[in-house]
Amino acid sequence: MVAVHLPLGHLVQIWVIMSSPIISEKIKHAPLYYLLTAPPDPNSQPLPTNTVYEAINVPGTIRNPEQRVAYLGEDIGLNSHHAHWHMDFPFWWKPEEYGVEKDRQGELFDLERLSNDLPFVKPLGWNQKIVDGFYPQTTYRVGGEFPARPDNFEFQDLQNIKIKDLMDYDRRIREAIHQQAVYTVNGDYYSLNDSTGINTLGQIMEPSCGSKHREYYGALHNYGHILLGQITDPKGKFDLEFPGVKIQDLSVDELTTYFEDFDIDLLNALDDTVDLDDVNIKARVRRLNHKPFAFHFTVESDKENLVAVRVFMGPKYDWFGQEIPLDEKRSYMVEIDKFVTKVNAGQTMFHRKSSESSVTIPDRETTKTLVAKVENAINGRASLTVNKDVRHCGYPDRLLLPKGKKGGLPFTLYAILTDYNKEKVNDLPYDYEYGGSISYCGTINHKYPDSKPMGFPFDRVINQDKFYYPNMFYKDVTITFKEDN
């Protein structure tokens with residue numbers, strides 16, 4: 001029995017059952033490092049004797065309260081989503097040169113902390129200490145460890161990144177938000193006070209090649225990967241009403257989360273020799289999931305309409321147990337689904353499954369499964385079709401809900417219906433899916449399908465007395481965490 005460190009972005013322990021000479025030969029040829037470790041938990045599920053398994057642990061210690069949400073920050077699917085998002089929206093993309101306009105730049109959200117008795121994340125200041133450190137315990141594939149950050153770390157000048165410059169960029173961006181306009185390279189002012197304002201702001205924050213003035217506004221996001229950064233939204237006016245349309249009722253199935261064991265195929269993670277057959281090598285991880293659920297809408301309309309449906313979830317109470325005012329809560333409202341449907345004159349009932357969410361994608365097929373499909377197609381045993389719009393970028397579907405608590409944790413569920421004909425952008429069927437996961441990842445071969453700003457209607461300052469209309473619906477829901485399914 002041996003333990004092996006693999007370059008997977010996590011501290012890895014591996015238990016190898018040496019029942020096959022092929023496995024022994026494979027391990028011998030692989031460029032791995034060995035160390036002794038304790039055997040697996042005897043109460044856990046038995047491991048097949050022809051498979052190599054790993055138990056992946058997240059880094060950190062219980063003395064750091066941020067360790068309570070390490071299961072999310074270290075989640076392989078979530079990190080894969082982050083990587084794919086940057087592949088889909090590279091900062092160096094030039095639409096005029098490559099012929100494709102990437103018209104959405106992303107947004108932030110924060111819900112999981114309340115499920116783990118943690119307060120909301122506080123903004124960082126360039127001249128303030130970062131209280132909680134981070135030790136990733138990760139090595140690069142080519143060797144060398146990822147740098148660690150100790151507790152109470154202070155921002156420091158680097159050779160090509162100066163704190164003073166970042167504070168200037170920060171100040172200029174804040175001035176643009178206050179003025180509701182950005183300063184362009186030509187000396188003009190470009191308004192943020194429309195549906196593309198948050199996208200324009202995202203372009204200067206990244207910055208992408210679409211930034212109105214890269215030299216003036218700098219590169220807060222890219223430098224933030226080194227020194228950490230923050231983004232805020234512009235403020236303005238927007239329309240909320242949908243005359244003649246009313247949500248009469250919105251119900252949702254029981255919301256339950258749990259942890260489960262999941263096996264990750266590591267066939268592509270190891271270097272081996274072509275002279276020997278492949279060996280099943282899998283990593284067993286403990287990951288968050290939820291039971292399937294659905295939303296059930298009852299809508300009244302004075303005529304047939306195409307409606308855009310947006311569903312959000314946010315916290316009901318803050319860290320201190322106080323109910324959060326609406327204008328403050330808007331910063332924590334997370335879009336968990338968006339879709340278009342048809343309602344008839346009179347009453348219409350429709351349902352939406354959690355698996356259909358426009359935010360998420362399911363677990364990806366393994367390399368072994370993909371290879372088998374290609375080989376079957378080549379040999380004429382089956383056909384293989386490829387969706388040109390399919391998305392690899394997407395939030396893992398099992399993380400659609402925050403963890404909640406064992407006794408239940410209350411959240412606010414919010415839905416709004418808007419007139420799709422007034423906001424549609426592309427000349428495509430209303431139920432076209434664009435490959436899925438459009439909410440946070442946009443589209444590949446088309447413009448983003450609606451003209452509303454990202455985060456709508458929580459993208460601007462809210463006057464609570466003027467925010468309630470018949471085409472909206474609020475509901476308190478409870479998310480209950482159960483240790484195992």
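Is V386 buried or exposed? I looked this up and found that V386 counts as exposed, because its relative accessibility is 73%; buried means under 20% relative accessible area, exposed over 50%, and partly exposed in between (1.4 Å probe, protein chains only).

I note that this is a predicted model, in which local features need pLDDT of at least 70, side-chain atom pairs count only at pLDDT 80 or more, and totals for chains, interfaces and linings use all residues. Residues are numbered from 1 along each chain as its sequence is written, and side-chain values use heavy atoms, with hydrogens and water left out.

**Entry 1: helix α5**

I examined α5, which spans residues 163-179; helices (H or I, at least four residues) and strands (E, at least two) are DSSP runs numbered from the N terminus. Its 17 residues reach 24 Å from first C-alpha to last, close to the 24 Å expected at 1.5 Å a residue, the expected span being 1.5 Å times one less than the number of residues. I found buried positions in α5, including I163, L166, Y169 and I173. Q180 follows α5 and has a positive phi, near 60°.

**Entry 2: nonpolar core**

I then turned to the largest nonpolar core, which has 44 residues; such a core is a set of buried Ala, Val, Leu, Ile, Met, Phe, Trp, Tyr and Cys residues joined through side-chain atoms within 4.5 Å. F295, F297, M313 and L413 touch the most other members. The largest share of this core, 5 residues, comes from β16. Domain 1 (68-230) and domain 2 (245-260 + 291-361 + 393-482) both give residues to this core, so it lies between them; the domain bounds come from an automatic or database domain assignment.

**Entry 3: salt bridges**

I recorded 20 salt bridges in the structure, each a side-chain nitrogen of Lys or Arg within 4 Å of a carboxyl oxygen of Asp or Glu. D117 pairs with K405, the closest N and O atoms being 2.4 Å apart. D117 lies in the loop between α4 (95-98) and α5 and K405 in the loop between β15 and β16, so the pair ties together parts that are 288 residues apart in sequence. D117 counts as partly exposed because its relative accessibility is 40%.

I also looked up E260 and R287, whose side chains meet in a salt bridge of 2.9 Å, N to O. E260 is in strand β8 and R287 in strand β9 (residues 280-290), 27 residues apart. E260 counts as buried at 17% relative accessibility, and R287 counts as buried at 7%. Finally, I noted a network of salt bridges that links R310, E335, K338, E423 and D450.
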